Amino acid sequence: IGTAVLPAMADTEGSSTGSFNLGNAAPQVTAVALYESDESDPANEMTPPTEYAVKIDVSDSNTLNDIDEITVVIKKDGYSGNDDVHNQSTYKWTPSGNWELVGPTDTLWSLETNKTPGDLTATSGTWWLHFKPSKVATEANWDIEVTAKDNSSATGTNSTQDIPMRLYVEISAVDASYSFGNVNLGTTENNITEPSDGNIGVTAIANGAYKLESKTSTTWTGQNTNDVATVNSSSGTLDDGEIRLIDNAANSYSGGSKVQTDEYKPIAGYSTLSGPTTESGASHAIYQWLDVASEGLLPDTYQGTYYVQIADAA
C-alpha cells in the first residue's frame, strides 16, 4: 500500500486596488426661451406687471446632480450695473434652496411658481422660472442671460436677446372732487378754491416717457334747477349759458389750454414727461380756471366731470 503526500499550498489569490480620476464635464445651457405663463405660448415681448415663464434647458454629462446653481439675469439691453428696479433683476436656483429672487428686493419684481426637473440623475432637463417685471421696468429691449455652474465651478451660459418691454402707464386721482367756490356771471380766471392748495392732484406710474391729457363733459348741470351750462372749448366771447375751462401744469391762466369736450388733449406743461417713475409714482398738480358767460345761467351749484388720462408721449 502506497502513501501520497500532498505538497503544502500557499495563498492562491491576490488583489490590488485600482483607481482613475474622472474629469469634470462643464454644464451646458442648451436653450433659453421666454413663454407666456401657460408655458405653451412663446412670448415675443413683455408688458409689466404680467407673469412670464423662462424655459431653461440644461445638460451635464456628470448628471444634473452635478449642478450647483443656475442664475438668471433679466436686464435692459446694454445695462451693466447692479440689480435695479428699472434695469435688472436676478434669480438663482440651488439644489437646497430652489428658486429665489436675489434682487432687487422690496420692489414689484416677483418670483412666481417654478419647476425643477423631476429626475436629477438624468444628464439633461428643463427648469422653469416664473416671474413678473415691475411696473417701472424701463420701456426698452431686454435680455435674459442664464448661467449654470457645477460643483467644480465650471460654467455654461446662454441667453435670449432683444425682448421688447412695452410701455406701462397708470394714473390715479389724489383729489376725487374740486370746486371753484362762489363765482359770478361775466367773470374769468376763477381758480380752484377747494382743495385748498388750488389744484387737482394726480399720481402717475410709468416705465417710459408719458403725457397727461384732459377733457370734460359737454355740459355742467345745476343740481337744484337742472339748468345746463354748456362748455365752450374754443376761443372768443362766451355765448349766453356757456362756460370755459382752462388747465395747465403751472399756476398761470395765460399759459393754459382750453379743455376740450370731444377728445383728450395734452395738458399744457404735461405733454412730455420723462420716465420711468418710481414704483409709488410721480405726483402732478393740475391747475384749472373757470370762465363764465355774462348771461343765461340760473343761480345754482353746477357739476360736471373732468377727465384726466395718461398716455404714451411718443
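Visitor: Which residues lie nearest the centre of the largest pocket?
Guide: Ser 179, Phe 180, Trp 220, Tyr 302 and Gln 303, out of 33 lining residues. This is a predicted model, where local features need pLDDT of at least 70, side-chain atom pairs count only at pLDDT 80 or more, and totals for chains, interfaces and linings use all residues. Residues are numbered from 1 along each chain as its sequence is written, and side-chain values use heavy atoms, without hydrogens and water.

Visitor: What makes a residue part of the lining of a pocket?
Guide: An atom within 4 Å of a pocket point. Such points, on a 1 Å grid over the protein atoms alone, form an open set with protein on both sides within 12 Å along at least five of seven lines. The 33 residues are therefore called lining because they meet that 4 Å rule.

Visitor: What is the volume of the second largest pocket?
Guide: About 210 Å³, where a volume is the space filled by probe spheres set on the points. Of its 14 lining residues, Thr 188, Leu 238, Arg 244, Tyr 253 and Asp 291 are the closest to its centre.

Visitor: Why is a set of 31 residues called a nonpolar core?
Guide: Because a core is a set of buried (under 20% relative accessible area, 1.4 Å probe, protein chains only) Ala, Val, Leu, Ile, Met, Phe, Trp, Tyr and Cys residues joined through side-chain atoms within 4.5 Å. Ile 144 is among those with the most contacts inside this largest core.

Visitor: With which residues is Ile 144 in contact (heavy atoms within 4.5 Å)?
Guide: Leaving aside neighbours within four places in sequence, the partners of Ile 144 include Val 32, Leu 34, Val 72 and Ile 163.

Note on methods: On a 1 Å grid over the protein atoms alone, a cavity is a set of points where a 1.4 Å probe fits but cannot get out, and a pocket is an open set with protein on both sides within 12 Å along at least five of seven lines; lining residues have an atom within 4 Å of a point. Buried means under 20% relative accessible area, exposed over 50%, partly exposed in between (1.4 Å probe, protein chains only). Contact means heavy atoms within 4.5 Å.
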